[in-house]
Amino acid sequence: MKKILMGIITFIIICFSVWFQINVLNAVPLSGVKANFGIIFVAGIALISGKLIGGVSGAVYGLILDITLGRSIGTYIALYTLIGIIVGILNKNFSKGSRISMIMVILISTCIFETMSYLLNIILNSFELSFAVLIKTLFLECTYNALLVVLFFKPLCYLGDILNRCKNSFYLL
């Protein structure tokens, strides 16, 4: 019963994270670029809890974001799941309790996510290729996300520790 309750609480936290991204962070752009709390959330959880929980958290976050934004289902699921799995695989190479490690992981994850998102937009939506726009977006979003990591480091560590306690559950998410 405790594991089912933890899965429900985790789902509620993911829903709140999507709400926070859409309603709060999107309202405060930095030179036209918005922070991506999903990267911080998914990569932070994957860093602390591993690739399984990171991948599942990324898939759920991406699904909710795809449904909420009304775009085609699958783009955000694939990108956030990929981030969760990659960071989860690399989590042995980083200190889980270090803000510097978390910032480095978020910077790498932001670069991967935004580059893949940019390439998908070029392929699927016929966007024009512009490396200057990509570099500007990467720089600003990495800066913005790094600042948010400092604010949300402790809550992510706490949530990751709780998820680690329930890791062997089939009812996690």
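Predicted model: local features only at pLDDT ≥ 70, side-chain atom pairs only at ≥ 80, totals over all residues.
I looked for nonpolar side chains on the surface. I4, I8, F11 and I12 make up one such patch. Together they account for about 370 Å² of accessible area. I then took I8 by itself. I8 sits in helix α1, which covers residues 2-23. I8 has a relative accessibility of 46%, so I logged I8 as partly exposed.

**Entry: M6**

L163 is 157 residues away in sequence, yet the C-alpha atoms of M6 and L163 are 8.0 Å apart.

**Entry: α5 against α6**

I next checked how helix α5 (residues 99-125) lies relative to helix α6 (residues 131-165). Their axes come within 9 Å and cross at roughly 145 degrees. I noted the crossing of α5 past α6 as right-handed.

Which residues meet across this pair? On the α5 side I listed R99, M102, I103, I106, L107, T110, C111, E114, T115 and Y118. On the α6 side I listed L134, T137, L138, E141, C142, N145, A146, V149, V150, F153 and K154.

**Entry: I100 and S101**

I100 has a relative accessibility of 57%; the cut-off for exposed is over 50%, so I100 counts as exposed. S101 has 11% and counts as buried.

What does S101 touch, leaving out residues up to four places away in sequence? I found F94 and S95.

For I100 I looked up the distance to F16. The two are 84 residues apart in sequence, and their C-alpha atoms are 25 Å apart.

**Entry: E128 in the loop**

Where is E128? I found E128 in the loop between α5 and α6. With a relative accessible area of 71%, E128 is exposed. I then took the distance from E128 to F11, 117 residues away along the chain, and got 37 Å between the C-alpha atoms. F11 is one of the residues of the nonpolar patch in the opening entry.

**Entry: distances kept for reference**

Terms used:
Residues numbered from 1 in each chain as written. Heavy atoms only, no water. Patch = residues over 30% accessible without salt bridge, like charges linked within 9 Å, V, L, I, M, F, W, Y side chains within 5 Å. Areas by Shrake-Rupley, 256 points an atom, 1.4 Å probe, with all protein chains shown as cover. Salt bridge = Lys/Arg side-chain N within 4 Å of Asp/Glu carboxyl O. Helix = DSSP H or I, 4+ residues; strand = E, 2+ residues; numbered from the N terminus. Buried < 20%, exposed > 50% of the residue type's maximum accessible area, 1.4 Å probe, protein only. Axes fitted to C-alpha atoms, helices over the stretch in contact; angles between N-to-C directions. Left-handed = near helix turned anticlockwise from the far one by under 90°. Contact = heavy atoms within 4.5 Å.
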